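Let's take a friendly walk through a protein model, one feature at a time. Keep the picture at hand as you read.

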Amino acid sequence: MNKLFKKYGHGLFGLYLFIYLPWFFWLEGMKDVVYNEIHCFLDDLIPFCEIFIIPYILWFFYMISTCIFMYFKAERGEFLRFAIALTGGMSIAMIICQIYPSCVNLRPVEFPHNNVFTKLVGMLYAIDTPTNVFPSIHVLNSIIACVALERNTFFRRSNLLRLGNILLCILICLSTLFLKQHSVLDLIGGALLYVILYLLLYIPDWKIFRSREILIP
């Protein structure tokens with residue numbers, strides 16, 4: 001039993017979804033909340049561009065595939081850094097949203113075009129409210145995934161994959177702005193939160209992260 005737990009126990013981090021999802025929907029459904037509008041002058045300079053719904057949606061597949069890749073191809077210490085950054089970062093972001101409820105008022109009143117992309121954006125708007133936006137979890141998780149992959153020995157063997165990884169991360173972050181889902185301040189907030197996590201998890205030589213054993217050979 002101990003041997004099995006040592007080999008597969010890291011998968012228990014996936015149970016965090018059963019904490020995060022109820023927490024997220026609880027925050028989204030809260031009534032009589034006074035939201036603080038997030039806005040800066042740069043937001044008004046960024047046009048709405050519906051084609052960015054593609055990288056925005058790809059975020060879900062990006063995160064799932066990164067988690068699977070890290071599960072099977074990461075060293076133990078490397079995976080723990082990734083998993084703790086992901087679960088810890090999302091928890092911190094949710095706590096911030098509870099303490100400082102935020103929203104954006106950037107969505108267009110009507111779409112400039114009528115096409116498949118605007119229809120998808122309309123579906124996104126109907127599902128995801130423009131609240132609890134600071135810091136952007138979309139941006140935070142994308143950077144966490146991007147850096148984790150970039151540091152992985154197996155992933156670094158392919159320059160093409162590395163280039164695609166970085167480009168996709170950038171496009172996902174930009175999509176939050178061009179779809180008017182987030183303010184530039186939300187993006188900066190997500191990036192700064194990752195910097196703090198990186199300084200805490202990757203710079204110190206914590207004993208828990210020293211293992212170089214491949215989790216599932």
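Ile144 sits in helix α7; helices here are DSSP runs of H or I with at least four residues, strands are runs of E with at least two, and both are numbered from the N terminus. With a relative accessibility of 1%, Ile144 is buried, a word that means under 20% relative accessible area, while exposed means over 50% and partly exposed lies in between (1.4 Å probe, protein chains only). Between the C-alpha atoms of Ile144 and Leu185 there are 18 Å, and 41 residues separate the two along the chain.

Before going on, note that this is a predicted model, in which local features need pLDDT of at least 70 and side-chain atom pairs count only at pLDDT 80 or more, whereas totals for chains, interfaces and linings use all residues. Residues are numbered from 1 along each chain as its sequence is written, and side-chain values use heavy atoms, leaving out hydrogens and water.

**A linked set of charges**

Side chains of opposite charge can pair when their charged atoms come close. The rule used here asks for a side-chain nitrogen of Lys or Arg within 4 Å of a carboxyl oxygen of Asp or Glu, and two salt bridges are counted by it.

| Salt bridge | Closest N and O atoms |
|---|---|
| Glu150 and Arg156 | 2.9 Å |
| Arg162 and Glu150 | 2.3 Å |

The pair of Arg162 and Glu150 links distant parts of the chain, twelve residues apart: Arg162 belongs to helix α8 (residues 159–178) and Glu150 to helix α7.

**The largest pocket**

On a 1 Å grid over the protein atoms alone, a pocket is an open set of points where a 1.4 Å probe fits, with protein on both sides within 12 Å along at least five of seven lines; its lining residues have an atom within 4 Å of a point. The largest pocket has a volume of about 1200 Å³, the volume being the space filled by probe spheres set on the points. Its lining has 46 residues, and Tyr20, Leu21, Trp59, Phe60 and Met90 are nearest the centre. Which helix gives the largest share of this lining? It is α4, with ten residues. By type, the lining holds 31 nonpolar, twelve polar and three charged residues. Here Ala, Val, Leu, Ile, Met, Phe, Trp, Tyr, Cys and Pro count as nonpolar, Asp, Glu, Lys and Arg as charged, and the others, Gly among them, as polar.

**A nonpolar patch**

A nonpolar surface patch covers about 790 Å², and its residues include Ile51, Leu58, Phe61 and Met123. Such a patch joins nonpolar side chains within 5 Å, from residues with over 30% relative accessible area and no salt bridge. Helix α4 gives the most, five residues. Leu58 lies in α4 and is partly exposed, because its relative accessible area is 37%.

**Backbone details**

Most residues other than glycine have a negative phi, and most peptide bonds are trans. The bond from Phe134 to Pro135, however, is cis, with omega near -5°. Asn132 has a positive phi of about 50° and is buried, at 15% relative accessibility. Lys180 also has a positive phi, near 65°. Lys180 is in the loop between α8 and α9 (184–201) and is buried, at 7%.

Terms used:
Patch = residues over 30% accessible without salt bridge, like charges linked within 9 Å, V, L, I, M, F, W, Y side chains within 5 Å. Areas by Shrake-Rupley, 256 points an atom, 1.4 Å probe, with all protein chains shown as cover.
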